[in-house]
Amino acid sequence: MTDLYDWERLQRLVLSPGNCTHCGACVGLAPTLLTLAETNRGPLPQLQRSPTPADEVDLALAWAVCSGRGVPYPDLFRWLHGKLPEDWLLGPHRQVFTGYASDPTIRRRGASGGVISRVLIHLLESGQVEGAVVLQQGYERPEVATPVIARNRAEVLAAAQSVYAVTPTLTLLPAMADFDGRLAFVGLPEQVAVLRMLQVAGHPAAQKVVFVAGPYTGTNMYFGAVRAFLRSQGVADQVPITSLQWRAGEWPGYLQVTVADGRVFRAKKFYYNYLIPFYISRNCQITPDFTNELTDLSVGDAWSPQLESAGGGHSVVVARTALAAQVLSTLQGQDELTLTAVPVPQALAMHGHMLDFKKRGTYIRLDWQQRRGRPIPHFGYHPAAIAPSRRWVERVISGSFAVGRWPLARWLIARLPLSLVGPAFNSLRQTWKGLSKPTKRQGLGETPFVVAEPSDRWAELTPAPLPLPPPPSLPD
């Protein structure tokens with residue numbers, strides 16, 4: 001085995017077939033060996049020097065936890081909860097609510113209801129953690145988000161709101177390892193999955209994380225989307241961005257970009273979604289986890305006519321562990337969170353289309369990829385069957401993404417005015433949702449899933465004779 005063996009496997013089985021999830025863990029684990037390079041397929045790791053025998057351990061761990069190979073979900077569920085989930089659409093859960101932060105300032109700063117921000121502030125101010133890993137837009141450069149460790153209320157609020165551009169968070173692993181204290185962690189599903197695998201493997205940075213939260217995550221975009229939006233407003237690529245907010249203003253918010261000459265450009269959330277078919281990231285098309293199932297606490301927008309008409313920002317809130325249930329109970333008792341229990345079917349109905357995109361669409365797309373002879377990630381479970389009608393719907397969805405990647409299509413969309421393309425896309429979106437809804441939702445809630453036996457992947461993470469570490473937890 002050469003020193004390049006694990007790197008060659010990453011290249012052949014993850015990077016070349018387009019399976020990288022851009023989590024940043026490989027760079028975080030081997031920061032002197034690997035760096036991230038921005039490409040037309042998003043940020044990808046590359047060698048910055050020749051490997052040496054001293055790099056072998058880091059590369060082996062990077063290979064073991066790589067989410068581009070897939071995620072052993074059933075094994076991780078058993079480790080975290082001692083059992084498999086009863087509902088494979090929502091994942092493990094103890095309580096489900098809709099709600100928001102009672103403090104109007106925190107609520108307005110969040111993407112929907114400010115729940116994750118309020119929980120992080122509570123954990124910091126109560127001394128249960130000393131830091132929280134979050135993404136902060138504009139921390140280093142206005143147009144990009146950066147993973148940072150927030151230490152107080154102000155720093156948490158500075159990192160509030162969603163980021164819809166691919167951002168590798170786990171490049172922060174060295175700073176997490178050096179951090180003096182316990183950590184909370186906020187990440188996307190594939191980032192959380194890698195963090196959990198690192199915890200299983202006993203990695204010191206991951207073991208400092210005692211509470212994990214994360215947003216529901218449907219689609220994400222490569223950064224070229226923002227520049228395409230600005231070009232459609234007549235802004236040249238050479239004009240610097242001075243401020244970028246993905247969910248500014250009243251919920252559901254709008255994209256707001258300020259450029260160096262003082263001009264401010266805005267697009268309603270459901271208008272700038274027109275960029276998704278042209279700049280959708282690969283990672284969000286090849287993972288079945290929409291609701292961030294490996295967290296302690298996951299939060300998404302509470303899409304329902306009643307809550308949307310009420311305004312103000314509302315979240316669907318899933319407490320997956322006793323840790324999360326305890327924190328939510330405390331904050332509700334202190335009137336810091338306003339929460340209303342809802343039945344699981346009601347919570348699932350708020351995101352039916354995206355659940356279908358992930359739980360069935362992912363496996364259709366990966367089946368096509370495998371039929372073309374390309375390696376695919378594996379997740380330890382899969383739908384027992386998918387109706388032919390749903391496969392035909394996926395041809396339309398994936399076909400639109402394929403056309404959107406054409407240089408000519410991107411050139412054209414960057415030159416159409418938002419006043420035309422935004423409303424047109426929103427109207428087309430609503431029409432498509434109405435037409436495809438019967439097929440996309442038919443049988444979704446009753447979909448049976450086949451669970452694999454404990455995988456060889458699990459053995460890579462827990463080599464004998466090391467005892468399996470327990471999941472980290474908050475102090476009593």
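**Gly 214**

I began with Gly 214, which is buried at a relative accessible area of 0%; buried means under 20% relative accessible area, exposed over 50%, and partly exposed in between, with a 1.4 Å probe and protein chains only. The model is a predicted one, in which local features need pLDDT of at least 70, side-chain atom pairs count only at pLDDT 80 or more, and totals for chains, interfaces and linings use all residues. Residues are numbered from 1 along each chain as its sequence is written, and side-chain values use heavy atoms, with hydrogens and water left out.

I placed Gly 214 in strand S7. Helices (H or I, at least four residues) and strands (E, at least two) are DSSP runs, numbered from the N terminus. I then listed the contacts of Gly 214, setting aside neighbours within four places in sequence: Ile 116, Val 186, Gly 187, Asn 292, Thr 295, Leu 297, Ser 298 and Val 299. Contact here means heavy atoms within 4.5 Å. I also looked up Pro 189, which is 25 residues from Gly 214 along the chain; their C-alpha atoms are separated by 7.3 Å.

**Strand S7 and its partners**

I next took S7 as a whole, residues 209-215. Six of its seven residues are buried, so S7 is largely enclosed by the rest of the structure. Strand S6 (residues 183-186) runs parallel to S7 and is joined to it by four bridges. Two strands pair if DSSP finds at least two bridges between them. I noted Leu 183, whose bridge partner in S7 is Val 209. S7 also pairs with strand S11 (residues 297-301), in the parallel sense and over three bridges. There, Ala 213 has Leu 297 of S11 as its bridge partner. Leu 297 is also among the contacts of Gly 214.

**His 351**

I found His 351 in the loop between helix H16 (344-349) and helix H17 (352-371). His 351 is buried, with a relative accessible area of 9%. Beyond its neighbours within four places in sequence, His 351 touches Tyr 216, Phe 290, Asp 301, Trp 303 and Val 316.

**H3 against H9**

Two packed helices are described by the angle between their axes and the distance between the axes. I looked up helix H3 (residues 56-65) and helix H9 (residues 189-200): their axes come within 9 Å and cross at roughly 125°. That makes H3 oblique to H9. Angles under 35 degrees count as roughly parallel, over 145 as roughly antiparallel, 65 to 115 as roughly perpendicular and the rest as oblique. Axes are lines fitted to C-alpha atoms, for helices over the stretch in contact, and angles run from 0 to 180 degrees between N-to-C directions.

I recorded Leu 61, Ala 64 and Val 65 on the H3 side, meeting Val 194, Met 197 and Leu 198 on the H9 side. The residues of this contact divide into six nonpolar, no polar and no charged. Ala, Val, Leu, Ile, Met, Phe, Trp, Tyr, Cys and Pro count as nonpolar, Asp, Glu, Lys and Arg as charged, and the others, Gly among them, as polar.

**The sheet S8-S9-S10**

I then turned to an open sheet of three strands, ordered S8-S9-S10 with antiparallel pairing. Strand S8 (241-248) and strand S10 (264-268) stand at the edges with a single partner strand each, so one side of each is left without a neighbour in the sheet. The twist averages 10° from one strand to the next.

Five bridges join S8 to strand S9 (residues 254-259), and Ser 243 has Thr 258 of S9 as its bridge partner. Five bridges also join S9 to S10, where I noted Val 257 opposite Phe 265. S9 and S10 form a hairpin with four residues between them, and Gly 262 in the turn has a positive phi of about 95°.

In a regular strand the side chains alternate between the two faces of the sheet. I sorted S10 accordingly: Phe 265 and Ala 267 are on the covered face, while Val 264, Arg 266 and Lys 268 are on the uncovered one.

**Backbone exceptions**

Most residues other than glycine have a negative phi, and most peptide bonds are trans. I logged a cis peptide bond between Trp 251 and Pro 252, with omega about 10°; Pro 252 lies in the loop between S8 and S9.

Gln 161 has a positive phi of about 85° although it is not a glycine, and sits in the loop between helix H7 (153-158) and helix H8 (173-178). Asp 335 also has a positive phi, near 60°, in the loop between helix H15 (322-333) and strand S13 (337-341). Asp 335 is exposed, with a relative accessible area of 60%.
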